[in-house]
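Biologist: I've got a new model to look at and I'd like to go through it with you. Let's bring it up and start.

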Amino acid sequence: MMMDQSGFDLGVFVGDLAFDEDSSRDDVSLEGLEQELEECKNDDVVANILSKGTKLREYAKGVENDVRQVELNSIQEYIKESDNLVSLHDQIRDCDNILSQMETLLSGFQGEIGSISSEIKSLQEKSMDMGLKLKNRKGAEVKLARFVEDIIVPPRMVDIIVDSEVNDEYMRTLEILSKKLKFVEVDTMVQSSKALKDVQPELEKLRQKAISKVSEFIVQKLHALRKPKTNIQILQQSVLLKYKYVIIFLKEHGKEVYMEVRGAYVDTMNKVLSAHFRSYIQAVEKLQLDIATPSDLIGVETRATSLFSIGREPLKNRSAVFALGERINILKEIEQPALIPHIAEASSLKYPYEVLFRSLHKLLMDTATSEYLFCDDFFGEESIFYEIFAGIDQYYIPGPFAVIDEHFNLILPNCFDATGLMLMIRIIHQHQLIMSRRRLPCLDSYLDKINISLWPRFKMVFDMHLNSLRTANVKTLWEDDVHPHYVMRRYAEFSASLVHLNVEYGDGQEAGPEGGKTQMHFEELLKSNTVTFVEELLLEHFSNLIKFVKTRASEDPNSSSEKPISVPDVEPLVKDFGSRWKAAIELMHKDVITSFSNFLCGMEILRAALTQLLLYYTRLSDCIKRIPGGSTLNKDLVSISSIMYEIRKYSRTF
């Protein structure tokens, strides 16, 4: 039932509100009021009340009435909104019913979701379990497949190993067989498997067949090395190295057979190379030129001392015993190929022993280099090289080293050529450097041994020269000659040779650094004295020509000088030269030969003299071309080509 809001009077229900002033009079205590008032005297409200003289009770009553009025106003507002509140209440109740239904529905959903979650978790666990089983089965399948692949013996492989020739396909099949043999030998799982009992006998038969076949094949190839005129290096590189895996297979699966093959190779190469070097040594021994004998010493007189002395060229004319000369060129040709004996023999050539020594050791170096690299590559064993070259002691089989030693031990005690011995020492030093650059140690011990044997022999021959000077008889050595005494010349040539060969080597054996300075000093003296001698020699035969060239050849015939060069000034010179230039050159040639006992030095001096003469005559010819009317002398001029031809002819005589 709704009320008329406009006629509603709240005062009818609640009456007038009034405070009972005396209701609590007996209970109120004023103790402490004065103190509280004192504390509140600074409050604005309190101060305002006190200043206006309003009583506190009246003020409180007014506040209470205001509060009551506000409350009544709120109630009035609530009554005005009562319809809305009733509607809101109905809506809340409907919502509550709906939410209750939803709660029931969601509770059902929650139960179903919990059940689904349990099922999903169960499925997830099953899936993980199945995945693990699948992974394990795949791993087992891979291992099983690998096992089957590694242990099975395909028919094709059997056919190749048993019936096919040894070729590239055979090598590949041999590698597969090797893997299977290693598989059954090493893998513990295989050794405990039942499949091994079926497969192992077949693998063993294949192993034995393969070992037998490849070993026979390699031995046949080794026999080819023994054929005459076989190029061993080409056969090794182009044939044997293609089948290097055969050696690896034999090492791994047939050690005893490998040792037999290894021994066959060592025996073959030992005999082949030893025979090769023995044959080469026999050939080069025929090319040897004997340089010195035990009596070819500095202090030994040149005359024969016995009626039974073998006639030979006088020692003082055999300068190669003491003078180094062109023999030093062997050190510049250290890398040249070895001599080919039959070609040299066909040309009737002879060589000092150091040339044969270099050639023999050049052949040794190249052969050792090739063999060492092959043994390391083919067999993987450096020791095989030393067994081949040094020989096998237990079987008393000599190697190439022994063959060369046998030859050298015969040559060295009969070598009295000190210059040749020093050249061989330097050759060995150069060969050691070559092998060092090749980074190969295979000849270190051998070259050291040769070097150690050369030095004592050189010392012995050197002491023989010194003793010959100590014991020399001055009276028998005396010669009344204008030339340098042959003993002095020998000593100078021998000393210069040793200085030249040793000055660059700090081995402390002979010449120190000061030796090089001494050598340079004498070379400079030789040059300056050669120039002086050449001028004196030319002045003796062509003084007028030289005087004219030096004083007037550079003048300009067309100048306005008082007396320019004319044809009559040069005509006597031209005719004199043309009439006797060849005879004069022949006299110069004889003069040089008799003045210089050292042929090499004399050749250089004569060549210098003839070259200077050519320059003087060329300047004279150029001067004549500038003279007016000089062409009238062309018929008397000697051509430059004719003079050069004559110079070359005399050069060849040396």
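Biologist: Which helix is I643 in?
Modeller: Bear in mind that this is a predicted model, where local features need pLDDT of at least 70, side-chain atom pairs count only at pLDDT 80 or more, and totals for chains, interfaces and linings use all residues. Residues are numbered from 1 along each chain as its sequence is written, and side-chain values use heavy atoms, with hydrogens and water left out. Helices here are DSSP runs of H or I with at least four residues, strands are E runs of at least two, and both are numbered from the N terminus. The place of I643 is α25 (residues 640–652).

Biologist: How far is I427 from H361 in space, C-alpha to C-alpha?
Modeller: I427 lies in helix α18 (residues 418–437) and is buried, at 0%. Its contacts, again not counting residues up to four places away, are I330, L331, I334, E354, F357 and R358. H361 is 66 residues from I427 in sequence, and their C-alpha atoms are separated by 9.0 Å.

Biologist: At what angle are the ring planes of F385 and F389?
Modeller: Rings of Phe, Tyr and Trp (its six-membered ring) pair if their centres lie within 6.5 Å; planes under 30 degrees apart are stacked, over 60 edge-to-face, and the rest tilted. A search of the whole structure gives 19 aromatic pairs. F385 and F389 are one of them, stacked because their centres are 4.5 Å apart and their planes are at 25°.

Biologist: Which helix carries F458 and F462?
Modeller: Both F458 and F462 are buried. They are four residues apart, so about one helical turn lies between them, and the helix is α19 (residues 444–470).

Biologist: How many residues apart in sequence are the parts tied together by E335 and R437?
Modeller: A salt bridge is a side-chain nitrogen of Lys or Arg within 4 Å of a carboxyl oxygen of Asp or Glu, and E335 and R437 form one at 3.7 Å, N to O. E335 is in the loop between α13 (329–332) and α14, while R437 is in helix α18, so the pair ties together parts separated in sequence by 102 residues.

Biologist: Which residues are linked with E335 and R437 in a network of salt bridges?
Modeller: The structure holds 23 salt bridges. E335 is partly exposed at 42%, whereas R437 is exposed at 56%. The network that links them also includes K362, D366 and R438.

Biologist: How far apart are the closest N and O atoms of D576 and R580?
Modeller: Both residues lie in helix α23 (residues 567–595), four residues apart, about one turn. D576 is partly exposed at 32%, and R580 is partly exposed at 29%. Their salt bridge has its closest N and O atoms at 3.1 Å.

Biologist: Where does K229, with its positive phi, lie?
Modeller: Most residues other than glycine have a negative phi. K229 has phi near 60°, and it counts as exposed at 88% relative accessibility. It lies in the loop between α9 (195–223) and α10 (232–238).

Biologist: What relative accessibility makes L99 count as exposed?
Modeller: L99 is in helix α5 (residues 82–151). L99 counts as exposed because its relative accessibility is 53%.

Key: Buried < 20%, exposed > 50% of the residue type's maximum accessible area, 1.4 Å probe, protein only. Contact = heavy atoms within 4.5 Å.
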